[in-house]
Amino acid sequence: MSLGLAPYTITYFPLRGRANTLRILLNDQGQEWKEIVVTFDEWHKGVLKASCAFGQLPIFQDGDLVLYQSNAMLRHLGRKHGLYGKNDSEAALIDMMNDAAEDIRGRYVTLVYSNFDDGKEEYLKDLMIRLSKFEAILANSKTGFLVGDKISFADYSLFDILLTHLVMRSSCLDSFPNLKGFVERMSARPKIKAYLESDAYTKLPINGNGKQ
Ligand code: GTB
């Protein structure tokens, strides 16, 4: 994972958070990368934050290219590793799927960092509506992927956000057989399976405030 010749570097907190989809994708694609772990103490000194384009982590480096914004990183890897569909129409649909997964993630982050204990039950009700939309999309998929006949970066995004919500409420997919099947298939991909069983995954909290 972090050999000297790794072309990629992820700089992030010791969290799953916004780096986990990237790590799942890179593992599944057999890529190597280096991790630079930033402690919260280091971050609060403010020097690194001031140097970040938008004042936030993660940072993703691909040689001389330095990226901020986790979804731009996913799209970059999508383009580089054949995870962005086979034509412009599929690419547009993959963007759409990733944006819908991001809508869920954004709401999740707001809940976790602002109103977790009081807002959780209301949040889960809304989540069910959002998940039902993905359930219908997968029910219509002939391949089990969100778009086309091949995995895309949006599949990794959806998978990660589903794993996160299974931690929050282990029954959240019980009425969504297609989403359940999707999680099972993604989890069984050999490199993803190995990653999900590794300390690199199991020992990291999802969020920085102990909520999950
Ligand atoms: N839009 C940016 C991106 O996608 O990269 C958002 C980046 C961001 O929110 N970074 C946060 C940060 O740097 C850490 S991720 N905070 C420090 C600061 O602002 O000073 C927080 C987080 C935790 C867990 C999830 N999750 O589970 O999905 C998502 C985000």
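## A tour from Arg18

Select Arg18. This residue is partly exposed, with a relative accessible area of 26%.

The model is predicted, so local features need pLDDT of at least 70 and side-chain atom pairs count only at pLDDT 80 or more, while totals for chains, interfaces and linings use all residues. Residues are numbered from 1 along each chain as its sequence is written, and side-chain values use heavy atoms, with hydrogens and water left out.

**Stop 1: the partner of Arg18**

A salt bridge here is a side-chain nitrogen of Lys or Arg within 4 Å of a carboxyl oxygen of Asp or Glu. Helices (H or I, at least four residues) and strands (E, at least two) are DSSP runs, numbered from the N terminus. Arg18 sits in the loop between β1 (8-12) and α1, and Glu102 sits in helix α5 (residues 88-114), so the pair ties together parts that are 84 residues apart in sequence. Glu102 is partly exposed, at 22% relative accessibility.

**Stop 2: two domains**

Colour residues 8-82 and 194-202 as domain 1, and 88-190 as domain 2. These bounds come from an automatic or database domain assignment. The C-alpha centres of the two domains lie 20 Å apart.

Look at where the domains meet. Contact means heavy atoms within 4.5 Å. Here 17 residues of domain 1 are in contact with 16 residues of domain 2. Buried area is the accessible area (1.4 Å probe) that two parts lose on being put together, summed over both. Between these domains it is about 1,400 Å², and carbon and sulfur atoms give 48% of that. Select Arg18, Thr21 and Asp28: they supply 30% of the area that domain 1 buries against domain 2, more than any other three residues.

**Stop 3: across the interface**

How many salt bridges cross the interface of domain 1 and domain 2? There are 2. Select Asp28 and Arg189, which form a salt bridge with closest N and O atoms 2.8 Å apart. Next, show the elements that give two or more residues to the side of domain 1 that touches domain 2: α1 (20-28), α4 (70-80) and α9 (190-196). Of these, α1 gives the most, with 5 residues.

**Stop 4: Arg23 and Glu35**

The structure holds 15 salt bridges. Select Arg23 and Glu35 for another one, with closest N and O atoms 2.7 Å apart. Arg23 lies in helix α1 and Glu35 in strand β2 (residues 33-37), so the pair ties together parts that are 12 residues apart in sequence. Is Arg23 buried or exposed? Arg23 is buried, at 4% relative accessible area. Glu35 is partly exposed, at 23%.

**Stop 5**

Select Arg107 and Asp126, a salt bridge with closest N and O atoms 2.9 Å apart. Arg107 lies in helix α5 and Asp126 in helix α6 (residues 116-139), so they tie together parts that are 19 residues apart in sequence. Arg107 is partly exposed, at 35%. Asp126 is partly exposed too, at 21%.

**Last stop: Lys45**

Select Lys45, in the loop between α2 (40-44) and α3 (47-51). Lys45 is exposed, with a relative accessible area of 59%.

Key. Buried < 20%, exposed > 50% of the residue type's maximum accessible area, 1.4 Å probe, protein only.
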